[in-house]
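Here are a few friendly notes to read with the model open beside you.

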Amino acid sequence: MIEEIPLPCARLGTRRVLAVHRFGAPGARPRAYLQAALHADETPGMLVAHHLIRLLREAAVTGEVVVVPVANPIGLAQVVEGTHVGRYALDGGGNFNRQFPDLTDAAAERLSGALGDDAAENVRLVRAALRAAHADLTPATEVAALRHALLGLALDADLVLDLHCDQEAVPHLYTGEALWPALSDVAGELGCEAVLLERDSGGTPFDEACSGPWWRLAGRFGSETPVPFGCAAATVELRGKADVSDALAEADARALLRILVRRGVVAGETAPPPPACEATPLAGLERLTAPHPGVIAFHRAVGERVAPGDLVADIVDPSAADPAQARTPLRAGTAGILMARSNRRFAGMGELVASIAGREPLQRTGRGLLFD
Ligand SMILES: [Zn+2]
């Protein structure tokens, strides 16, 4: 069944809709929610969703599955002089995957004195409180309305997977540290080579807006009124922007279907998942940035392991008087996997060139742990 959720008209004469594909009986459990291309220029997830919808139409869905294959029609329309801008809202609304509402406080107010010692009943009460807190919000812009609509669709799912990609990357996952190793099957099935864990990354991305209230409320109410994790959410990075093919997407969709079978959302039998890679703290992610503008000459490929001091790239200033002085080496400062790198080959000062997932937390100050 396809439902269309209209977004408000932000100017005049246009109206956008979210197409929502639903499988299984409404309200059945467990419930899974998947969306693609919240960053609208991150295409791999859209083709994965296409294949997953095809597979789900043939499957026996015993719980409920909700798939939004095009999660950001606003960003999808942002083409400026032939260049697609899908990460940030051109109306000033910011990064599309930040500033989702944190419903923790509003839900906590509603739950005060209501929780008991029955964990399953508490899950029901928390879901109702989160729903009510969400319903109370009135988004003031089209982008806020998009965030509100997506959160409303995902809010009471048991499993939420937000399908993204990096610029050039190996498959990897961002999730809450409280959800590990519970989500190790997701990492194993999707062949993730890095898993980044954080409690509060700053910026409230979609996955944290879905799952964060659960661990925050559990901490707030204490062990006498147990609140289990009612929503396991992750941001899945499906390689790089250009890694789009039917072969990759169908394999990823079949992996997602196995995850749904194993979790009892879809009927069937499936083998144990492949082992997951090691998870490392998001605070251990080293971001190599360009100290000055220049051409990026990479010396390492994504997926390679690096050690401190290893040369990852040179930033080359072709206008330097002496070519021998034109290169600035970018070296790994930590040991880990070269998880992602820029898909551009010219970097402005301060721009991100490559990311290394390391075990050791690094000293970082200022903004949240996510690179905007
Ligand atoms: Zn993204």
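Which residues in the largest nonpolar core touch the most other members?

1. They are Leu56, Val65, Val67, Leu161, Leu173 and Leu256, in a core of 44 residues. A nonpolar core here is a set of buried Ala, Val, Leu, Ile, Met, Phe, Trp, Tyr and Cys residues joined through side-chain atoms within 4.5 Å; buried means under 20% relative accessible area, with a 1.4 Å probe and protein chains only.

2. Please keep in mind that this is a predicted model, where local features need pLDDT of at least 70, side-chain atom pairs count only at pLDDT 80 or more, and totals for chains, interfaces and linings use all residues. Residues are numbered from 1 along each chain as its sequence is written, and side-chain values use heavy atoms, leaving out hydrogens and water.

3. Leu173 touches residues including Trp180, Val186, Leu196 and Val236, not counting those up to four places away in sequence; contact means heavy atoms within 4.5 Å. Apart from this core lies another, of 42 residues, among them Ala89, Phe96, Leu103 and Ala108.

4. Tyr33, Phe100 and Phe206 form one aromatic cluster. Rings of Phe, Tyr and Trp (its six-membered ring) pair if their centres lie within 6.5 Å; planes under 30 degrees apart count as stacked, over 60 as edge-to-face and the rest as tilted. Tyr33 and Phe206 make a tilted pair, 6.0 Å centre to centre with 50 degrees between the planes.

5. Tyr33 is buried, at 0% relative accessibility, and Phe206 is also buried at 0%. The rings of Phe100 and Phe206 form an edge-to-face pair because their planes are at 70 degrees, with centres 5.2 Å apart.

Conventions
Buried means under 20% relative accessible area, exposed over 50%, partly exposed in between (1.4 Å probe, protein chains only).
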